Amino acid sequence: MKKPVKKYGLLVLAFVVFVCLNYNPHLMFETSYFHWGWNFALLATLLIILIFRIRDPFEWKQKLGISFNKKDFLGFVISTIVLLVGSYFLVAYLANTAGYSFRPQLFFYKDLIGPDYPFGPILGNYLYYIPETFNEEMLIGAVLLMGLERKFKKLNKNIIAVLIALIFSLMHQFLYKYSPAQPEIILTTSTLLTLFFVGLLRNVIILKTRKITYSWAIHLSFNLIFFAGHFINKSTKAFASEPERFNIVFGNIPMLIFTGLLAFVSLIWLNINSKKVEQVIN
């Protein structure tokens, strides 16, 4: 009994580290040190990897979805660059249709925040999303997703993909509803549905490739554009809060349709050549 308890205890510890070092410091604490968010998220990455190396010394890379080769690294870099460009134009278009102008922090922070504002916080903001998205892809993507697949071999893979996508969507609602660092703005139904579709797409990519390579590229590229930017109301000149940004972009009907189509196509892909995937699992 001791070995399963130890393994599950380390798994729980990994998720506690993920939550405490990824989200609480980023949202709750204020400090004059500009890079604390990046530092804490990076520390979480190292601790998560260490926990899994102890927990699963022979399969930790596979279970975290990070058994990368040179092709994976190249694919990640190229995909991230392409998706960064695509995400910028997509976010700018959706913001404009909702009556907002979009300005990336990297290029407009002196105009929007102040001419004397230091570059350190801006750099720290961008750096933060590298380990933050990496951690989320490892634990919410690979560990939960493929862990359920291994644990419940008779459970249909479509149900697993849908279940984790639902968790991914509701996590955002929980965060913005109950976090004391947020204005408690409720995400709209269309926003949650779009997030569900995005989660479904990412889940299918992980289930098909057995790695977080391309799922992470999608997540990182979009977050670098979406979060590290300003949404400015064209009428009032007010800055949109973080949950308002979600409703502006993800609650937009064109975005809902676009992600819905991607999710539908991904489910078709998931069910093609499923025997090969089952052989990998078993």
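**Figure 1. Burial and surface of the protein chain.** Of the 282 residues in the protein chain, 50% are buried. The model shown is predicted. The accessible surface of the chain comes to about 14700 Å², and carbon and sulfur atoms account for 70% of that area.

**Figure 2. Secondary structure and contacts of the protein chain.** The protein chain holds 13 helices and 2 strands. Contacts between residues at least 6 apart in sequence were sorted by separation along the chain. Of these contacts, 77% join residues at least 24 apart.

**Figure 3. The pairing of strands β1 and β2.** Strand β1 spans residues 100-104, and strand β2 spans residues 229-233. The two strands pair in the antiparallel sense, with 5 bridges between them. Within this pairing, F102 has F231 of β2 as its bridge partner. Strand β1 is mostly covered, since 4 of its 5 residues are buried.

**Figure 4. I253 in helix α12.** Helix α12 covers residues 253-270, and I253 is found in this helix. The relative accessibility of I253 is 48%. Because buried means under 20% and exposed means over 50%, I253 counts as partly exposed at this value.

**Figure 5. I253 and T194.** I253 and T194 lie 59 residues apart along the chain. The C-alpha atoms of I253 and T194 are separated by 9.1 Å.

How values were computed: Residues are numbered from 1 along each chain as its sequence is written. This is a predicted model: local features need pLDDT of at least 70, side-chain atom pairs count only at pLDDT 80 or more; totals for chains, interfaces and linings use all residues. Side-chain values use heavy atoms; hydrogens and water are left out. Buried means under 20% relative accessible area, exposed over 50%, partly exposed in between (1.4 Å probe, protein chains only). Contact means heavy atoms within 4.5 Å. Accessible areas come from the Shrake-Rupley method with a 1.4 Å probe; for residues, only the protein chains shown count as cover. Two strands pair if DSSP finds at least two bridges between them.
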